[in-house]
Amino acid sequence: MKKLYLEHTKLIELKGYIQTNLELYKSDESWLGQELSVPSSNSAQLKVTDLKKRSADDLDNAIRIYTYYKDLPYTLASDQNYWTLLTHTEYWQFMRERWPIEEAQGDPVEFIKTRYFFGQKGMYRNGLSRLWWYVELTYDEALADPYEYTKLLLEDQDLAGQTIENKYLSRNKVAMRALFEMLDYVGKQQEAGTIQMLTGKERRNLVRDTAQYFNLSGAVEIWDILSPKEAKEKLTLWVNAYLKDIGVYIPQKAF
């Protein structure tokens, strides 16, 4: 039977010896895969086609890994032992291309902890589990394109991280859906010339402030009990007032 996760003692050993094993993380071959007889088979066929922009295939890879592991139970989807085994063995070649230690910014040990294990941000920063969770939290079979919100999320890597790592949003699908519908609404307002094009900073501030609104309003009214329609209407009222406050509405000419 295929090995599903690392024994916890092995996980502790690996994490404790990252500094000692730094050179092994530069190897084209997985030393752990050889030790455990787990080949680097890349079952989900993840790829990196642009080494100058390694995030270019994140959307495609997120859909691929989610499709392959669609029935993954949450107990495994949030398990460090499970994803650590995959990053170090079956998807070693992909990890070397997507998250090469040679390009780590800052402390390489912390980089490895974050991308090859679970770091401070847990499953939302791991090189594989982040892709799976991007889709899990945005996939909606009720839409004509079930990946519509996934695509919206991954248009901006900073925005994706900011959204997925927000503890309140990532645990509440009603709030998450309302957020994406709000972003779609704002996009249509921009296309129609009703509001100015938001800068990257303004867009990130909008998501940050929306998350804060969810957190504060959630203390009074639990978003889980709202229907998608009610959540959308509630958030649309708030975002219209927000856009007015930051002064992005374009004055319309009188005819």
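The second largest pocket has a volume of about 210 Å³. The model is predicted: local features need pLDDT of at least 70, side-chain atom pairs count only at pLDDT 80 or more, and totals for chains, interfaces and linings use all residues. Residues are numbered from 1 along each chain as its sequence is written, and side-chain values use heavy atoms, with hydrogens and water left out. The protein has 14 helices and zero strands.

**Second largest pocket**
- A pocket here is an open set of points on a 1 Å grid over the protein atoms alone, where a 1.4 Å probe fits, with protein on both sides within 12 Å along at least five of seven lines.
- Its volume is the space filled by probe spheres set on the points, which are joined across faces, edges and corners.
- Lining residues have an atom within 4 Å of a point.
- Gln 120, Lys 121, Met 123, Tyr 124, Glu 165, Lys 167, Ser 170 and Arg 171 line the second largest pocket.
- By class, that lining has two nonpolar, two polar and four charged residues.
- Ala, Val, Leu, Ile, Met, Phe, Trp, Tyr, Cys and Pro count as nonpolar, Asp, Glu, Lys and Arg as charged, and the others, Gly among them, as polar.

**Largest pocket**
- The largest pocket has a volume of about 580 Å³.
- Its lining has 22 residues, and the closest to the pocket centre are Arg 98, Trp 99, Arg 115, Arg 130 and Gln 157.
- Ten charged residues sit in this lining, with six nonpolar and six polar.
- α7 (108-116), α8 (129-136) and α10 (157-164) each supply at least two lining residues.
- The largest share, four residues, comes from α10.

**Helices and their packing**
- Helices are DSSP runs (H or I, at least four residues), strands are runs of E (at least two), and both are numbered from the N terminus.
- α8 and α10 pack at about 75°, with axes 11 Å apart.
- Axes are lines fitted to C-alpha atoms over the stretch in contact, and angles run from 0 to 180 degrees between N-to-C directions.
- α8 and α10 are therefore roughly perpendicular (65 to 115 degrees).
- Contact (heavy atoms within 4.5 Å) involves Arg 130, Trp 133 and Tyr 134 of α8 and Gln 157, Ala 160, Gly 161 and Ile 164 of α10.
- These contact residues divide into four nonpolar, two polar and one charged.

**Aromatic pairs**
- Rings of Phe, Tyr and Trp (its six-membered ring) pair if their centres lie within 6.5 Å.
- The count comes to 19 aromatic pairs.
- Tyr 25 and Tyr 116 pair edge-to-face, at 5.5 Å centre to centre and 80° between the planes (edge-to-face is over 60 degrees).
- Tyr 25 lies in the loop between α1 (8-16) and α2 (31-36) and Tyr 116 in α7, so the pair ties together parts 91 residues apart in sequence.

Terms used. Angles under 35 degrees count as roughly parallel, over 145 as roughly antiparallel, 65 to 115 as roughly perpendicular and the rest as oblique. Rings of Phe, Tyr and Trp (its six-membered ring) pair if their centres lie within 6.5 Å; planes under 30 degrees apart count as stacked, over 60 as edge-to-face and the rest as tilted.
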